[in-house]
Amino acid sequence: MVTLRQLRYFETLSRVKHFGMAAEHCAVTQPALSMQIKELERELGVELVERRGNTVAITPIGQEIAARADAILNQVRELSDYARQHQGLLTGPLRLGIIPSIAPYLLPDLLTEVARQYPLLDLQIRETQTNALLDELLRGDLDAALLALPVPSPQVETMALFEDRFLIAVQSRAAASWKDCDLSARIGQERLLLLEEGHCLRDQALQFCHIANMQARKALGAASLTTIMQMVAAGHGITLLPEICAETEVDRRRVALIPFPDEAPMRTVGLAWRRTSTRKADFTALGELVRALGPAARG
């Protein structure tokens, strides 16, 4: 008989296409995973995997079975979620993804509030970039994701939580020269310091600043906002900083924050989950918890 374990192992192998990596993802030994997949092939009577040493290629019929296995596993997860609803609001495990430009600034307070208000909730955190979070959300590896909206997927439902406006961060000694200037024109003259490719915050900054200058685009691709703020403090450029990050990232002696006078650019932070999930009540409650920790609530 085909087992859920076999389907999970094979679906993982079909994604990573490497026995060692698949075994690590499934928290089993490589021989154990290989044996289960061979059992699955014997049970189904078809060859699912073309073995090439430690790497693999999935056969055409294996690709179809992997897709069906993914659908079955998602249905099993939804079944577990449905049963969990009867145990009360925000109880048991909940796997939450969160992007790096939000995680350090919300998580400490969020975890404190979860422990205080929902002590039976086991909130499991995964921090990574938007595209990876959405892939894992749709695959069922995450239950929900905290990120910048909109989310371009009809399979995902979202809840807007708060607006996070952008501020211009400049070296303190240069702040006086920004007074009463044309901010759009001035930004275009400066070296814009950005996160590396793949971060949605980079794309938002380029969009807001209407940057067409390739030199500005290639100026710096940092891995963290902390690195960028150190560069700004040293006078190597400017950046657009989300307001939620300011309290943690800005040394007010070395960096000045300049607000936009009218219609400040901003991002909408929201919670996303699969439309098929039965845990909407949980996600709504979690969203309200996050909303209370946003920039407006902090004053």
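**Exercise 1. Is Lys179 buried, partly exposed or exposed?**

Solution. The model is predicted, and every value here is computed from it.
- Start with the location. Lys179 sits in the loop between strand 6 and helix 7 (183-189).
- Take the relative accessibility, which is 66% for Lys179.
- Apply the cut-off: exposed means over 50%.
- Lys179 therefore counts as exposed.
- Lys179 and Ile258 are 79 residues apart along the chain, and their C-alpha atoms are separated by 8.9 Å.

**Exercise 2. Find the domains of the protein chain, then describe the contact between domain 1 and domain 2.**

Solution. 
- List the parts. Domain 1 covers 4-83, domain 2 covers 94-161 + 271-297, and domain 3 covers 163-266.
- Take the distance between centres. For domain 1 and domain 2, the C-alpha centres lie 28 Å apart.
- Count the residues at the contact. Domain 1 gives eight residues and domain 2 gives eleven residues.

**Exercise 3. Which residues have the most contacts inside the largest nonpolar core?**

Solution. 
- The largest nonpolar core has 75 residues.
- Leu110, Leu146, Ile168 and Leu271 have the most contacts inside this core.
- Now trace where the core comes from. Strand 6 (residues 156-171) supplies the largest share, nine residues.
- Check the domains. Domain 2 (94-161 + 271-297) and domain 3 (163-266) each give the core at least three residues.
- Look for another core. A second, separate one has 20 residues, among them Cys26, Leu48, Ile65 and Leu73.

**Exercise 4. List contacts of Leu146, leaving aside its neighbours within four places in sequence.**

Solution. 
- Leu146 is in contact with Leu96, Gly97, Ile98, Ile99, Ile102 and Leu106, among others.
- Continue along the chain. Its partners also include Leu133, Leu161, Val269, Gly270, Leu271 and Val290.

**Exercise 5. Is Glu11 buried or exposed, and what is it in contact with?**

Solution. 
- Locate Glu11 in helix 1 (residues 4-16).
- Its relative accessibility is 6%, so Glu11 counts as buried.
- Leave aside neighbours within four places in sequence. Glu11 is then in contact with Ala66, Ala69, Asp70, Leu73 and Arg139.
- Leu73 also belongs to the second core.

**Exercise 6. Examine the backbone at Lys17, Leu90 and Pro150.**

Solution. 
- Recall the background. Most residues other than glycine have a negative phi, and most peptide bonds are trans.
- Take Lys17. Its phi is near 55°, a positive value. Lys17 lies in the loop between helix 1 and helix 2 (19-26). At 41% relative accessibility, Lys17 is partly exposed.
- Take Leu90. Its phi is near 50°, also positive. Leu90 lies in the loop between helix 4 and strand 3 (92-98). At 1% relative accessibility, Leu90 is buried.
- Finish with Pro150. A cis peptide bond joins Leu149 to Pro150, with omega about 5°. Pro150 is in the loop between strand 5 (144-149) and strand 6.

Terms used: Residues are numbered from 1 along each chain as its sequence is written. This is a predicted model: local features need pLDDT of at least 70, side-chain atom pairs count only at pLDDT 80 or more; totals for chains, interfaces and linings use all residues. Side-chain values use heavy atoms; hydrogens and water are left out. A nonpolar core is a set of buried Ala, Val, Leu, Ile, Met, Phe, Trp, Tyr and Cys residues joined through side-chain atoms within 4.5 Å. Buried means under 20% relative accessible area, exposed over 50%, partly exposed in between (1.4 Å probe, protein chains only). Helices (H or I, at least four residues) and strands (E, at least two) are DSSP runs, numbered from the N terminus. Domain bounds come from an automatic or database domain assignment. Contact means heavy atoms within 4.5 Å.
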